[in-house]
Amino acid sequence: MSWAAREAGRAVLLLWLASLAAFAVIRAMPADPAVITLLAFNQPLTDEAVAALHRQWGLDRSLVEQYAMWLVDFVSGDWRRSFRTGEPIFAEFMHRLPVSLTIGLGGLAVAIALAVPLAEAASRRPHGFCDHLLDALTLGAQAVPAFWLASLLIWLFAVEFAWLRPFSGATVERMILPIAIVAITGIGPLAAVYRAGLSEVGRSHYFMVALGKGGDPETTLARHGRRYAAMGLAAALTAEASWVIGGTAVVEIVFGLPGISQFLVESLAMRDYFVVQAYLMVAVAWMICVAMAAQIARHWLDPRERVAAP
Amino acid sequence: MSHHLPATVTRHLWLVPVIAVCAAAAAAWQPHPPEAIDLGARHLGPSLSHVLGTDHLGRDLLSRLMIGGARTMLVVALVAGLWTILGTCVGLCAACSRGLAAAALLRMAEFFAVLPSLLAAIVVTSLFGFGPLTAGYVLGLTGWGPFALLSFGLARRGLGEPYVLAARALGGSTAALMRRHVWPVMWETQLSYLGTKLGRVAIAYAALAFLGLGADAGRADWGAMMFEYRLFALDHPWLLLWPGAALIALCVVLRLAIGGDNGARVPATRGDLASTIEHDAEQERLKFTPGIARAGETAI
């Protein structure tokens, strides 16, 4: 209970700091959203029009007042309306969030499902085919830009083979390639970490002792090996998962998917204050959730953690 | 576990000045003005005058690639410099200090290690204008966390070595210990880390240009070129393939130049570097170790 209370307190403190930072960065922006909006709608750029928009959006008040009012509204679930679309931001986010999370988490799930068997096969036969494949995927993830790969896959699957309609098909059909891109870039690093954990276990004294006692390799690996390797994988996954919001921006834009990062990019150009602030808050909240989940997973996977920090 | 680094870390280091000279030369001279539009010469194939042909506005592709490469290298150099300076300073200071100061420095480094620097770069470049300088400063100032944590781990372990304790007992000052005994064993690992990450920096810059936030759309950045030319992927695939190939080649060369032979395989095979980093990270309770390996730039 005390653990949960402490974590919740830290999360609230972090979110509050993030809200301050988000507010400060966005208000430091060099352009005025009222001017941009008037220009975008071909309206005459008069002082009265600018002042009217400022009054409508509450931008004529002092910064402290604006921040306090926004914070109160935000906490009570009123995320204001977008300058650009006039729609409520909260509803828009709830509509778009599933798209981003499906791409990001779906891609990660596929990546794990493929990375674990690949890493096991690689560590069974060091310098074998799977080991080299793993190397190539890792290097590929570091050297090949995802948006370039995306263009290539669109060309291959939509144009040459005509198997998929990534822009006009059903939702499921549109999701396949984006998920594949996230998965392809994730497999290498995840498999590398799991492979590293396995080979470290293989060299460890306790593993050799267990083998020396006459345990057969499969059982020994299942009892003593996988849990240790899984700890490394969980840590790697934490890093990957906390980037799901924001990391899928490029994929969303290439495939024209209505995720929240696409919304952010559209809104930035219009200096849509409240959208950007809401986005940053959602990103930070997501990272906090992932970090908490990771801590629970670590607690569950690593007995040493339970002894050290009851 | 061996902490000995292979001598190959520095074997290809001579490539670094070569890359720098190439980038400077590409910035100073191109066969054609990279932005010169010539609608009479659209989509020309390779020729002596236009070695890689021309694009849909008749601009010389090679010239644009050269300028784009120079701009990319400027970002990479800026980021490498900022990471090295900030990361080393914060890491060493944290390793030398105790108690609250060390904790504060480490918390700060951890904060910058989990801060999504691509997201920060997306926001900042679209607000303050896109260019190699803005992008380089943002990526550099927000991404140095893992480098600082790595430096901290290396310095802490170095300071704990028996020979360093012996030197301290002989009356050596902390600064002298750092210079004589700690720095010599840490810089190669730092360099390898840079080698594994700088390619990602080049890709992050290309991704920013591809998104085209606050950018002048006609700019000859590799990412912007890929965005612009993707419309012609079917009829003129070379327009799209060349910038992509250039970017991949740059990543591989950077990796080879700074990471050494081993660099190409480091995270995969748990070469000495990877185990060193992970070992330190484990020791220093840095739970997002693989964040060091990749800092999680999902799918850019």
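Visitor: Is helix 6 of chain B largely enclosed or exposed?
Guide: In this predicted model, helices are DSSP runs of H or I with at least four residues, numbered from the N terminus. A residue is buried if 20 or more other C-beta atoms, placed from the backbone, lie within 10 Å of its own, exposed if 12 or fewer, and partly exposed in between. Because twelve of the 16 residues of helix 6 of chain B are buried, that helix is largely enclosed by the rest of the structure.

Visitor: How far apart are the end C-alpha atoms of helix 6 of chain B?
Guide: The expected span of a helix is 1.5 Å times one less than its number of residues. Helix 6 of chain B covers residues 145-160, so its 16 residues should span 22 Å, and this agrees with an end-to-end C-alpha separation of 23 Å.

Visitor: Which residues of helix 3 of chain B are buried?
Guide: Helix 3 of chain B runs over residues 99-114, and its end C-alpha atoms are 23 Å apart, in agreement with the 22 Å that its 16 residues should span. The buried residues in helix 3 of chain B include B:Leu105, B:Leu106, B:Ala109, B:Phe112, B:Ala113 and B:Val114.

Visitor: Why does B:Phe111 count as partly exposed?
Guide: B:Phe111 is found in helix 3 of chain B, and its C-alpha atom is separated by 34 Å from that of B:Arg219, 108 residues away along the chain. B:Phe111 counts as partly exposed because its C-beta neighbours inside 10 Å number 13.

Visitor: How many contacts beyond four places in sequence does the model have for residues 261-298 of chain B?
Guide: Two residues are in contact if their C-beta atoms, placed from the backbone, lie within 7 Å. Where pLDDT is low, the predicted coordinates should not be read in detail. Over residues 261-298 of chain B pLDDT stays under 50, and the contacts beyond four places in sequence number 108.

Visitor: What ipTM does the predictor give the complex?
Guide: Residues are numbered from 1 along each chain as its sequence is written, and chains are lettered from A in the order in which they are written. For the complex, the predictor gives a pTM of 0.81 and an ipTM of 0.77.

Technical notes: This is a predicted model: local features need pLDDT of at least 70, side-chain atom pairs count only at pLDDT 80 or more; totals for chains, interfaces and linings use all residues. Helices (H or I, at least four residues) and strands (E, at least two) are DSSP runs, numbered from the N terminus. pLDDT is the predictor's confidence in each residue, from 0 to 100.
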